Amino acid sequence: MISPRTRGRMVLRLRAAGIRDERVLDVMNQVPRHQFVAQALAGRAYELVSLPIGYGQTISQPWTVARMMEAILENNPVPRRILEIGTGSAYQTALLAELGAEVFSVERIGPLHHHAEKLLTRMGYTQVHLLHGDGSGGWAEQAPYDAIVITAAVPCALAPLYRQLRPGGRLVMPVEEEGRQHLQVSHWDGQEARISPLGDCFFVPLLTGTVSLVSGEC
């Protein structure tokens, strides 16, 4: 049994590390991160580190998740509809839903997608919609979105995603250039994007296509 005080200490560390949006800190204090990692790693769930979730993927470190949500929310109300590319562990999916958004999340790895479906259903998140598919093209059928979050590194902004974003919306993503990665937020006015840096990061690369079954690591 992991005490809520353990989660509270993580939030205090996030605050000390510069996370200021109380909405973000509040939901990170509510959502049990240990539910989104393997039981063997549950004791490390509230450290400010990324952790493996199988299939060569990780659950992002809490500071990075918090910073991405801050970028979506900065000087804004909670977006009504958010597209997440890369469901992964579904931790960020749950946090976005806890904020009050309707979340549309795409995952290319079948076993992760199915696990996320079961977990989020069990936890009662009814405003989350999951798709097993190639996230590099977004989820056009459900567009437009007020914000888009990419949870894997890309070499540049993906043009189809801007077409799925409302004017005034934001696209938050890790970008890899010359072997280094940084987070950035793109403010989209319907014609052009104004880009602001958010700091260094490390994510697995965004891959195209889908994987239904994965042998070996699980």
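Student: Where does His129 sit in this predicted model?

Tutor: His129 lies in strand 5, residues 128-132. The model is predicted.

Student: Why is His129 called partly exposed?

Tutor: Its relative accessible area is 28%. Buried means under 20%, and exposed means over 50%. His129 falls in between, so it counts as partly exposed.

Student: What does His129 touch beyond its neighbours in sequence?

Tutor: Leaving out residues up to four places away, His129 is in contact with Glu102, Val103, Phe104, Ser105 and Trp139. Take Val103: its C-alpha atom is 6.2 Å from that of His129, although 26 residues separate the two along the chain.

Student: Which helix holds Glu117, and what makes Glu117 partly exposed?

Tutor: Glu117 belongs to helix 5, residues 110-122. Its relative accessibility is 35%.

Student: How do you know how helix 1 and helix 2 are oriented to each other?

Tutor: Start with the angle. Helix 1 (residues 4-16) packs on helix 2 (residues 22-30) at about 155°. Angles over 145 degrees count as roughly antiparallel. The pair is therefore roughly antiparallel. The axes are 8 Å apart, and helix 1 passes helix 2 in a right-handed crossing.

Student: Which residues make that contact?

Tutor: Helix 1 supplies Arg7, Gly8, Met10, Val11, Leu14 and Arg15. Helix 2 supplies Glu22, Leu25, Met28, Asn29 and Gln30. By class, the contact has 5 nonpolar, 3 polar and 3 charged residues.

Student: What makes a group of residues a nonpolar core, and which members of the largest one touch the most others?

Tutor: The members must be buried, of nonpolar type, and joined through side-chain atoms within 4.5 Å. The largest core has 51 residues. Met28, Phe36, Met69, Tyr91, Leu95 and Leu120 touch the most other members. Helix 3, residues 62-73, gives the largest share, 7 residues. Another core, of 17 residues, lies apart from it; Ile85, Ile148, Leu158 and Leu165 are among its members.

Student: What does Tyr91 contact, leaving aside neighbours within four places in sequence?

Tutor: Tyr91 contacts Met10, Met28, Val31, Arg33, Phe36 and Ile59.

Notes: Residues numbered from 1 in each chain as written. Predicted model: local features only at pLDDT ≥ 70, side-chain atom pairs only at ≥ 80, totals over all residues. Heavy atoms only, no water. Axes fitted to C-alpha atoms, helices over the stretch in contact; angles between N-to-C directions. Helix = DSSP H or I, 4+ residues; strand = E, 2+ residues; numbered from the N terminus. Parallel < 35°, antiparallel > 145°, perpendicular 65-115°, else oblique. Left-handed = near helix turned anticlockwise from the far one by under 90°. Contact = heavy atoms within 4.5 Å. Nonpolar A, V, L, I, M, F, W, Y, C, P; charged D, E, K, R; others polar. Buried < 20%, exposed > 50% of the residue type's maximum accessible area, 1.4 Å probe, protein only.
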